[in-house]
Amino acid sequence: MSHFTQVKTNISDEPALITALKAMGLNAQVSTKLIRLRNSWSSTDYAHIVVPHEQLGGSADVGFRRSDQGLTCSADDYELKQSRYPEFRYNVAVEYQAALAQQKGYQVVGRRTTADGRIQLQLQTQEVRQRR
């Protein structure tokens with residue numbers, strides 16, 4: 001049966017998370033209060049940042065709940081695998097790192113997939129761009 005699974009993340013910068021989701025073409029609902037996550041099996045979980053299932057092309061929302069340690073991702077893994085974003089968590093992690101780099105003044109000038117399937121971001125500093 002399908003159900004929500006919570007995964008502790010290293011994501012602690014909420015604006016960078018929102019930027020990452022936008023880079024993926026997703027617009028999250030952000031609230032100071034917990035929002036109920038929906039899925040097709042009536043499992044229940046709650047989050048402060050919610051990506052509605054309609055945007056994912058699946059039947060379950062994805063959420064991020066705030067805590068003192070950062071954000072915890074709550075998702076229905078079965079439903080995610082069936083959505084337009086089967087590698088959602090991995091994609092969020094890559095876009096999150098890109099957003100953090102941009103906050104520090106870097107520009108993402110490329111992405112490269114390594115032989116083992118990892119994605120490497122190619123960064124350029126503001127200085128280099130200005131000298132050209």
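Colleague: What covers the buried residues of helix H1?

Modeller: Quick caveat: this is a predicted model, where local features need pLDDT of at least 70, side-chain atom pairs count only at pLDDT 80 or more, and totals for chains, interfaces and linings use all residues. Numbering starts from 1 along each chain as its sequence is written, and side-chain values use heavy atoms, leaving out hydrogens and water. H1's buried residues (under 20% relative accessible area; exposed is over 50%, partly exposed in between; 1.4 Å probe, protein chains only) are Ala16, Leu17, Ile18, Ala20 and Leu21. Taking contact as heavy atoms within 4.5 Å and elements as DSSP runs numbered from the N terminus (helices H or I, at least four residues; strands E, at least two), the cover includes S2, S3, S4, S5 and H4.

Colleague: Is threonine 19 in that helix buried or partly exposed?

Modeller: Threonine 19 does sit in H1. Its relative accessible area comes out at 38%, which means that threonine 19 is partly exposed.

Colleague: At roughly what angle do the axes of H1 and H4 cross?

Modeller: Leu17 and Leu21 are among the H1 residues that meet H4, where Phe88 and Val92 are among the partners. With axes fitted to C-alpha atoms over the stretch in contact, and angles running from 0 to 180 degrees between N-to-C directions, H1 and H4 come within 8 Å and cross at roughly 120 degrees.

Colleague: How many residues are in the largest nonpolar core?

Modeller: Nonpolar side chains in soluble globular proteins tend to be buried together. A core here is a set of buried Ala, Val, Leu, Ile, Met, Phe, Trp, Tyr and Cys residues joined through side-chain atoms within 4.5 Å. Leu17, Leu21, Leu26, Val62, Phe64, Phe88 and Val92 have the most contacts inside the largest one, whose count is 23 residues.

Colleague: Which residue's side chain is joined to aspartate 45 by a polar contact of 2.6 Å?

Modeller: Aspartate 45 lies in the loop between S2 and S3, and at 7% relative accessible area it is buried. A polar contact is a pair of N or O atoms within 3.5 Å; within protein, one must be able to donate a hydrogen and the other to accept it, and residues adjacent in sequence count only if both atoms are side-chain atoms. The side chain at the other end of that 2.6 Å contact belongs to arginine 65.
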